[in-house]
Amino acid sequence: MRELIDLIYFLFPLFIATTVPLSIVALGGLFSERSGVVNIALEGIMIMGGFIGIIAMRALIENTELNLQIIAFIGLFTGATFGMLYALAHAFASITMKSNQIISATALNMFAPAMSVFIARTFWNTSNLNLMGNYTISKVPILGDIPIVGQLFFTNAYLSTYIGIIIFIVATAVLYKTRLGLRIRSCGENPHAADSLGVNIYRVRYIGVLISGALAGMGGVIFVLSFATRFSGSVAGFGFLALAVLIFGQWHPKKIIFAALFFATMRVIADTYSVIPGLNMIVMPREIYRMLPYIATLVVLSFASKRSRAPRAVGEPYDPSKR
Amino acid sequence: MAFVIEMLNITKEFPGIKANDDVTLQLKQGEIHALLGENGAGKSTLMSVLFGLYQPEQGIIKVRDKEVVIKNPNDANDLGIGMVHQHFKLVHNFTVTENIVLGYEDTKKGFLQLDNARKRIKELSEQYKLRVDPDALIENISVGQQQRVEILKMLYRDSEILIFDEPTAVLTPQEIQELMKIMKRLVSEGKSIILITHKLNEIKAIADRCTILRKGKYIDTVEVKSTSNEVLAEKMVGRKISFGVEKTPAKPKETILKVEEVSITDYITQKIVVKNVCFEVKRGEILTIAGIEGNGQTELIHGITGLKPLTKGKVILKEQDITALSIRQKSLSGISHIPEDRQKHGLVLEYSLENNLILQNYFTTQFQNRGFFKFDNIRDHAEKLIERFDIRSGKGPLSQVRSMSGGNQQKAIVGREIDRNNDLLIAVQPTRGLDVGAIEFIHKQLIQERDQGKAVLLISLELDEVMNLSDRILVMYEGEIVGEFDPQKTTENELGLYMSGSKRGKQQ
């Protein structure tokens, strides 16, 4: 019994650490796609945001004596800002210039890792940027003392987890309770209807894509903080996984959280099967376990796509003359 | 009498064409003013100018005696001008309330205030008798109700001048009656209405005055009461046209098509969309299946022609069971098909006209030899059909079909299918969206086919067409045939009751 509890205490933080970036990035994708712009550039934006965020944090660690949590916060903020700037390119190409959204996003996906490695090589002579320090909060005062819940949620936790929860609440409220949200949703479903009522489609879609850039950029920093001690021009396919989460979550915030939990479970199992009782008894090559999240993606999506609730106008550049 | 809107001497040019040439429209306070013209006469352009979508090259617009410049739809809105679009502009997964407030939202500390809006919408719908549930999702309400939502949208924005763009195209006769009552009520409450249409009956029934456009030019503005249908039509088309279709009584002979207990289940929704349908079409008659859009007619035709598999039942053509044949085999065994969606199933829009004209038989030795086209034969074939069916286009056989007008696209399909000289001709909504001239032409072709001893199966939503062309009428409702009628002995009203499911009878 004791062992099981320890195992849970061991797996739970990993589980949260995986769920948070996945769901934040998927929520980002949600804003873009509900406004009518497909954003498969999430992966590239994560890389770009993560990369610049890490550079900022390294600079702060070397040159200042700031508390690590404050540095992490600044890192997240920087990542979000640059994610947004990077996404602006996608917005410009796909909204203003009406280019094919898949191609424009693919270009960003290819550009980001190359550019980040190039810059790292040029300035630091290495493609791996190390990041010092342990960014977990060992124990939140008061809340951390609550039995079980305290230990699960408020010890050894990441700042990003709490930020993630706040983002989820704010994002859901914005999408369903505000004027902006109503307009975003209308632009993804029937932009002609919105246009006839004086809603500026281009503006709303820009906002949607920029929000997705901010969240994906922040997600990139969270990824590096939670999983890697160094940045090497990759976020291990998390951006694409987030797209799968978005689709499996049927473009709906609450369902996205459940979808993220599902994919996180798969990933945690893949990483830690050797310590999970029962799983470690089955002799299977390591690679099979490693493949789990991706196989699950394929299987789940092929079922989920059948009753897809994708926004109707997603992927179509807005053309007022096609009434 | 005061005018609320005056559009004086409007000219709007597009490259190569004057869409509006010195057009004047004056709308009186509290009247229903019809704007009549064929497709391409410039009605939409004129309204787009009023709505701020286009800027006119010449002419001025006055609203309540003040000259205004309308730069975009928001300006029009601010001046109290609202429009019910022909294709509703509604978000399908929003509630009625959300659709109405969109773009005109009330917020408090950044949050939407939908409760107030809901209250206001309820008041408005009471006042104007526009029954609709403010919390229903658009995808769950009927087309008639969706139109009421569009009207409420304008009322919610306090529009005083309402433009209705072909509002009856999608409604049943009963819904049309209801809409007319609503429009009268709106006018009696002090609103002014512009009604865009090409249906003369509606103008006669409801409009006070009527402005007629033809080929971009202003023709006349008349008092509707003192003007006959014939005069209106002549002003619209520019020549005398025959009302009603001239035809002799049918002389039905042997059965060509027999449909036996056909049922079709939709693959995606698993709903039964066609239930146990049986009927026969005989040589020398036009059988029409009437019904409101979406009651299984499309699926039934897809089943007969092979575009969709049958769940149950048999299709027999000239005593040969063709149920299991492929689409091409069915077509070759003697079915000509004018499909419902001409751009999706009838034509390849990127191809030239001549290539579109051989889509059904490009593989025959008439047009190819060991996989190589016989270009001379293809050209001859195209020129023959263009001549016979008066298909007009920019570059003759080489015109890209996308660049042709809807009427000429349809003539190309009609020509191609009739030229194949099959015993059965299936025509699904053959005149949808076409102007009077093209409709007249296609009706004549269908009757001529009948008189030459072909069996014609017509699917139509337009009751005029149903009454004028048919020799027998079947009404389809929710996938079933709910009645059979003789056009001589029934009325549009009776058909309407069956089409809306209010009445049903046994098939005779």
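I started with secondary structure: chain A of this predicted model has 12 helices and four strands. Helices (H or I, at least four residues) and strands (E, at least two) are DSSP runs, numbered from the N terminus.

Next I looked up overall form. A compact globule with 323 residues would have a radius of gyration near 20 Å, and chain A agrees, because its own value is 20 Å. The radius is taken over C-alpha atoms, and the globule rule is 2.2 Å times the number of residues to the power 0.38. Along the principal axes, the C-alpha atoms of chain A fill a box of roughly 65 × 45 × 45 Å.

Then I asked myself: what share of the 323 residues in chain A is buried? I found 51%, where buried means under 20% relative accessible area (1.4 Å probe, protein chains only).

I turned to contacts (heavy atoms within 4.5 Å). Of those in chain A between residues at least 6 apart in sequence, 76% join residues at least 24 apart.

Last, I checked confidence, using pLDDT (the predictor's score for each residue, from 0 to 100). Chain A averages 89, with 99% of the residues at 70 or above. Helix H5 (residues 149-153) of chain A is lowest there at a mean of 78, while helix H7 (residues 179-189) of chain A is highest at 96. Chain B averages 90, and the complex gets an ipTM of 0.89 and a pTM of 0.80.

A note to myself on conventions: residues are numbered from 1 along each chain as its sequence is written, and chains are lettered from A in the order in which they are written. Local features need pLDDT of at least 70, side-chain atom pairs count only at pLDDT 80 or more, totals for chains, interfaces and linings use all residues, and side-chain values use heavy atoms, leaving out hydrogens and water.

Terms used
Buried < 20%, exposed > 50% of the residue type's maximum accessible area, 1.4 Å probe, protein only.
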